[in-house]
Amino acid sequence: MAIETQKFFNEAIQVNKETRDKEEEISEANKRLAEPFGNADLAAPGPVEVKSDDDFYNVNFATETVDEEIKKKILELFGSLEWNPISKNKNNVDHWVYTKRLVFKMSGTEIDTARFLPAGSRIFFLPSAEIFKGCIVHNGESKDIFLFGDPFSPRNLLTLAHELGHHQYDLKKQAGKFDELTGLDPDIAEILRSEREASLFALRRLWVALKKRPELKKDAITFLRDFAYKSYCSGGLVLYWQRRPGFDSFATGNDEYWDNWWADQEEENWHEENLTMFKRFQNSEFYDDWKNSGKNKNLVEEDDLLDSFLEWIDENETNQDFWKKYGSIFNLEP
Ligand SMILES: [Zn+2]
């Protein structure tokens, strides 16, 4: 089966439209998400543990020394980028630290990077960076994740979960779990798909914990969707337009022009996708067996069923057979 790329551009327009007047809301959310749960000195190599006062959150890892070879690699990676964090004094290459494995818990939900990354992968922090940013890059068979900004902030943890989502997406794509994109500009649509899938992974992983903090949950969605995903939507649409014959830069800056482009907008809300996925599962041949198993037997409320469903996916995130069996139901294409 193939997926029309138009669906992705349609959604990008929708996201752009919905976030147009949200600048203040986004900046407030980002400010709250930058507030760290706790602090630790990362200057010396060794074990680090940070907990929030209320035990909602804790993180464990051991930092390693960044040697000359790694420094060279960091400079190669980031030395030439437009937002060049290295060029600022605070973002000096000497300030990077890394860890081979990080475990963080939010209200009982655990994310252990060793479970989600290939052996030999590393997570780098630049705590002194004034900007927040994250990325994941190949390092032979393994992956390196780079996180700018306070490692103990909710924003950085969401970014880490998002980057882990990129790796999971890559694995599923390699295994043929995602349909081919056909139509206009499949390369741009593919970027949008990987970004939305990575963030949906992050939300799915943390959903049960986030639900216990409604404001944090709201901020997380604002950050992942209205801020991070939106930036890819805007960038993608600009590229999309530039490739059209007779591209008119004035017209694309005109809100009304966007509004009228696709009158037939999808109304479905992006962050409701977990529910959509669950409904899809409910209508599948597999639902009855699942509902009659273990604790699900006694669950009645849709909310409880959804939680249990998400936990179940969670437990099987790295289980190949599971994705072989259910993958086509769980694909989250718009
Ligand atoms: Zn991303």
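In which hand, left or right, does α1 pass α6? Here are some friendly notes on that and a few other points.

1. The crossing of α1 past α6 is left-handed (the near helix is turned anticlockwise from the far one by less than a right angle; clockwise would be right-handed). Please bear in mind that this is a predicted model, in which local features need pLDDT of at least 70, side-chain atom pairs count only at pLDDT 80 or more, and totals for chains, interfaces and linings use all residues. Residue numbers run from 1 along each chain as its sequence is written.

2. Helix α1 spans residues 6-18 and helix α6 residues 186-210; they pack at about 60°, with axes 9 Å apart. Helices here are DSSP runs of H or I, at least four residues, and strands are runs of E, at least two, numbered from the N terminus. Axes are lines fitted to C-alpha atoms, for helices over the stretch in contact, with angles from 0 to 180 degrees between N-to-C directions.

3. α6 also packs against helix α12 (residues 302-315), at about 135° and with axes 10 Å apart.

4. On confidence, the chain has a mean pLDDT of 84, with 87% of its residues at 70 or more (pLDDT is the predictor's confidence in each residue, from 0 to 100).
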